[in-house]
Amino acid sequence: MKSYAAVDLGASSGRVMVGRVSADSVELSEAHRFPNRPVRLPEGLRWDVLALYGGVLDGLRAAGARCGGRLASVGVDSWAVDYGLLDADGALLGNPVHYRDARTEGVAEKVWATVPAAELYAATGVQYAPFNTLYQLAAARASDQFAHAGRLLLIPDLLTYWLTGEQGTELTNASTTQLVDPRTRDWSYEVAGRLGIDLGLFAPLRRPGDPAGTLRPQVLAETGLTGPVPVTAVGSHDTASAVAAVPADGERFAYICTGTWSLAGLELSAPVLTEESRAANFTNELGLDGTVRYLRNIMGLWLLQECVRAWGEPDLGALLREAATVPPLRSVVDAGDEEFLAPGRMPERIAGACRASGQPVPRTPAEITRCILDSLALAHRRAVLDAQRLADHPVDVVYLVGGGTRNALLCQLTADACGLPVVAGATEAAALGNVLVQARADGLAGDLAALRRLLVRSQPLTRYTPRGGTGRWRAAQARLATR
Ligand code: LFR
């Protein structure tokens with residue numbers, strides 16, 4: 001058995017997990033978890049990336065302590081789209097901007113004046129979201145910081161650079177910039193050229209499984225690890241790693257990666273670039289081994305996290321138990337609506353959306369929680385149905401992975417809404433996918449299907465059977481659609 005460290009940074013916490021892998025099992029355990037607290041500065045919302053790097057070093061030290069200082073490799077994944085800018089000496093120019101920052105408001109329309117939205121989609125297959133790196137770059141371009149930038153590194157690539165001294169741009173995450181052509185799996189030189197974006201800002205592309213350097217001597221000294229420790233490029237977009245760890249068997253499945261976001265869709269062998277797909281706001285992000293992650297972003301448990309924050313962090317277990325007793329589907333909101341992207345005042349915003357659509361206004365925390373969970377399940381249903389139709393790819397089962405698998409009510413409601421069995425897999429799916437790609441680069445044999453079989457053998461799965469009544473979900477959807 002060999003030990004691999006997966007660094008997995010989420011929007012609200014980071015963790016370093018140790019994966020022990022052999023030819024017939026994979027086991028994951030948590031070495032260290034630390035908060036990820038964005039900070040609001042006068043100029044806007046920023047990631048505290050130095051604190052995150054400190055957490056990564058603490059985590060590697062803790063990981064090493066569990067395996068006699070010997071790690072076979074390290075891999076880093078995080079949320080997508082955001083980046084740090086480096087000066088000509090390789091020093092970070094300021095704190096990376098948070099994708100929920102308001103700087104991209106109204107920017108997309110300006111970009112579309114040069115490259116119309118339909119042409120952008122046909123070339124990149126990426127859904128519209130205000131925070132796509134492309135729009136962030138358009139917003140940043142005039143800044144003083146940007147004028148001094150010689151290099152742009154996406155967040156996992158930035159941390160990898162600090163760990164190894166080597167720069168690269170990992171492909172699955174690069175595909176979220178909206179500057180990659182999903183057919184060639186290379187930069188979209190045409191889009192970049194038309195928008196005047198210098199692709200020389202980006203370090204060369206690397207693919208999951210490629211070497212990404214070795215831990216610098218200083219990092220070894222700080223963490224007590226015995227060198228050399230290779231760093232391996234993984235699916236550095238957390239969703240790419242999580243999809244790799246979907247415990248699927250065959251091809252007729254949909255997945256939902258649930259956490260701060262719900263990412264719901266299909267694994268395909270080619271992108272869907274039709275106008276209909278664009279109108280439905282599906283994205284074609286790149287996955288492992290030539291796959292395409294054809295999915296829709298849904299606001300996810302962010303809606304609940306923000307409410308819980310506003311309510312002063314009550315006991316979540318008790319809240320969910322109470323929410324389970326609230327009558328179902330009294331009111332729903334559109335959990336895909338950009339209106340819920342920014343932080344703050346979430347209970348009021350949800351109540352406001354219910355009022356505006358002429359539905360009963362949820363008042364108590366339990367009622368609001370129920371409204372959120374019903375709304376998420378409804379959005380899951382819509383994404384799973386739309387994806388099958390748009391990609392002409394029918395499914396028999398929905399796999400749920402990520403933090404939301406702990407929420408049994410959400411899993412059951414998703415099964416009910418989709419009218420399909422839901423199989424809940426790993427909570428730490430991103431870390432699991434991260435570890436498996438490292439192990440494969442280190443000699444573990446197997447294609448994606450074989451890696452998934454290994455997972456299925458190694459972990460418990462929970463099955464939720466639909467309880468009927470899909471008509472009620474259809475009716476709830478109609479209430480939203482006629483708004
Ligand atoms: C999930 C995720 C989503 C991406 C969002 C913003 O953690 O990576 O896939 O759309 O965060 O980066």
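**Helix packing and backbone geometry**

Author: In this predicted model, helices H2 and H4 are roughly perpendicular to each other.

Reader: What makes H2 and H4 roughly perpendicular?

Author: The axes of H2 (residues 107-114) and H4 (residues 133-140) cross at roughly 95 degrees and come within 9 Å. Angles of 65 to 115 degrees count as roughly perpendicular, and H2 and H4 are therefore given that description.

Reader: Which residues of H2 and H4 meet, and how do they divide by class?

Author: Val107, Ala108, Lys110 and Val111 in H2 meet Leu134, Tyr135, Ala138 and Ala139 in H4. The contact of H2 with H4 comprises seven nonpolar residues, no polar residue and one charged residue. Lys counts as charged, and Lys110 is one of the H2 residues in the contact.

Reader: Why is H13 called roughly perpendicular to H15?

Author: Helix H13 (residues 316-325) packs against helix H15 (residues 365-391) at an angle of about 75 degrees, with the axes 8 Å apart. The range for roughly perpendicular is 65 to 115 degrees, so H13 receives that term relative to H15.

Reader: Which residues form the contact of H13 with H15, and what are their classes?

Author: From H13, Leu319, Leu320, Glu322 and Ala323 meet Pro365, Ala366, Thr369, Arg370 and Leu373 of H15. By class, six are nonpolar, one is polar and two are charged.

Reader: What is phi of Asp289, and why is Asp289 called partly exposed?

Author: Asp289, although not a glycine, has a positive phi of about 50 degrees. Asp289 lies in the loop between strand S17 (283-286) and strand S18 (292-298). With 17 other C-beta atoms within 10 Å, Asp289 is partly exposed, because that class falls between the limits of 12 and 20.

Reader: Is the peptide bond from Gly227 to Pro228 cis or trans, and where is Pro228 found?

Author: The bond is cis, with omega near -5 degrees. Pro228 is found in the loop between helix H9 (217-223) and strand S14 (230-232). Most peptide bonds are trans.

Note on methods: Residues are numbered from 1 along each chain as its sequence is written. This is a predicted model: local features need pLDDT of at least 70, side-chain atom pairs count only at pLDDT 80 or more; totals for chains, interfaces and linings use all residues. Helices (H or I, at least four residues) and strands (E, at least two) are DSSP runs, numbered from the N terminus. Axes are lines fitted to C-alpha atoms, for helices over the stretch in contact, and angles run from 0 to 180 degrees between N-to-C directions. Angles under 35 degrees count as roughly parallel, over 145 as roughly antiparallel, 65 to 115 as roughly perpendicular and the rest as oblique. Two residues are in contact if their C-beta atoms, placed from the backbone, lie within 7 Å.
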